[in-house]
Amino acid sequence: MKSQPDLKLLATFLAVVRRGSMAEAAAELDYVPSAVSQHIAALERDMGVELITRRPGSRLILTAAGRSLAQATETLFDATARFQDAAHGIAHREIAELRVGTYPSAMTYLLPQVLSTLRARRPGPRIRLVVVETDEGVPRVTSGDIDLLVAYRYLPEDPPAPSEALTINVLGREPLVLVTGAEPGRRRPVELAECLEREWVSGHAHNPDRRLLHRWAGELGIAPQVTLETEDLHSMLAMIRAGLAVGLIPATLLGAGHDAGVERVVLPPGVAPLHREILAVGRPGARSPLIDELVTLLAGAVDSAQSAGGEHSPLIT
């Protein structure tokens, strides 16, 4: 028996099984009946077993081997059709699953509405989310483990940067808001000078938010005392709400009514506002219509979050 039967012979065999007649199969395939008979004979030689019992004056009868081969052939052709559909979709840059990495607060405040909108527009593709910080996510984009990374950049010289291995789309600039705990009954805004003797909360010494804070403070000639260190923004907010610290918080976390318990610190005139860039990081040549649409929706979400927060939350604008 041949290790791989001829697919053309199998197609003829399946037509004979469906029609129950060599002549009807020949009409379906646009063959002469003798060609169909030759195909079946050749297939039986290849398989080394009789597949069809031929009785003059009656319809063809499948042997047990013929029934088994018919089932296997249908399975093979169904799988081939699915493969061809998938290959066609891939050739047209359609994908079944997109792996997206994102930092935690984007998962909470940016992606839910974006993914809901995307699912309504494109119900087929599956989005697999991975919570990962920017420094850990960039190598996973390069390796192909993640297709798109929603990232942030506090300082312009910090990674990620465009390269032969990476494409960078700036989705927007998210303001960083200097806030302190709200004081019930206070009648005037809190000014920066009042915060210099208070404790501050920020990331660890080499974190990008901490380095940005020190650079900004150096330009202002002040030296905030960071005594509470955490990488978790929600922990920062909890400390600030409890009146334990002053700190810079991304505006997204303070929009849509999430600014209860904190108060904006008024900066001196002429002080430049702080922000972080929100980025979409991918690989050259890996862009599909789905990724392009997701990037567009994310850019709109970043812009909407900033605009919505500007009216109700203590944004530095």
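## Basis of the description

A residue is called buried under 20% relative accessible area, exposed over 50% and partly exposed in between, with a 1.4 Å probe and protein chains only. The model is predicted, so local features need pLDDT of at least 70 and side-chain atom pairs count only at pLDDT 80 or more, while totals for chains, interfaces and linings use all residues. Residues are numbered from 1 along each chain as its sequence is written, and side-chain values use heavy atoms, with hydrogens and water left out.

## Overall make-up

The protein chain has 317 residues, and 42% of them are buried. Its secondary structure comprises 11 helices and 12 strands; helices (H or I, at least four residues) and strands (E, at least two) are DSSP runs, numbered from the N terminus. Contact means heavy atoms within 4.5 Å. Of the contacts between residues at least 6 apart in sequence, 74% join residues at least 24 apart.

## Strand pairing around β3

Two strands pair if DSSP finds at least two bridges between them. Strand β3 (residues 97-102) is parallel to strand β4 (residues 126-131), with 6 bridges; Glu-97 has Arg-126 of β4 as its bridge partner. β3 also pairs with β5 in the parallel sense, over 3 bridges, and there Thr-102 stands opposite Val-150 of β5.

## Thr-134

Thr-134 belongs to helix α7 and is buried, because its relative accessible area is 6%. Its side chain reaches the backbone nitrogen of Tyr-152 at 3.1 Å. A polar contact is a pair of N or O atoms within 3.5 Å; within protein, one must be able to donate a hydrogen and the other to accept it, and residues adjacent in sequence count only if both atoms are side-chain atoms. Apart from residues up to four places away in sequence, Thr-134 touches Leu-149, Ala-151, Tyr-152 and Pro-160.

## The largest pocket

Pockets and cavities are found on a 1 Å grid over the protein atoms alone: a cavity is a set of points where a 1.4 Å probe fits but cannot get out, and a pocket is an open set with protein on both sides within 12 Å along at least five of seven lines. Lining residues have an atom within 4 Å of a point. Grid points are joined across faces, edges and corners, and a volume is the space filled by probe spheres set on the points.

The largest pocket holds about 570 Å³ of space. Its lining consists of 26 residues, and Glu-133, Asp-135, Tyr-152, Asn-207 and Pro-208 lie nearest its centre. Two or more lining residues come from each of α5 (104-109), α7 (134-143), β5 (148-153), α9 (208-220) and α10 (233-241), with α7 giving the largest share, 4 residues. By class the lining has 10 nonpolar, 6 polar and 10 charged residues. Ala, Val, Leu, Ile, Met, Phe, Trp, Tyr, Cys and Pro count as nonpolar, Asp, Glu, Lys and Arg as charged, and the others, Gly among them, as polar.

## Cavities

Residues lining the largest cavity include Tyr-154, Leu-176, Asp-209 and Met-236. β8 (199-202), α9, α10 and β10 (247-250) each supply at least two lining residues. The lining divides into 8 nonpolar, 1 polar and 1 charged residues.

## Glu-263

Glu-263 lies in strand β11 (residues 262-266) and is buried, because its relative accessible area is 18%. Its C-alpha atom is separated by 5.9 Å from that of Gly-181, 82 residues apart along the chain. Beyond its neighbours within four places in sequence, the contacts of Glu-263 include Gly-181, Glu-183, Arg-186 and Arg-188.
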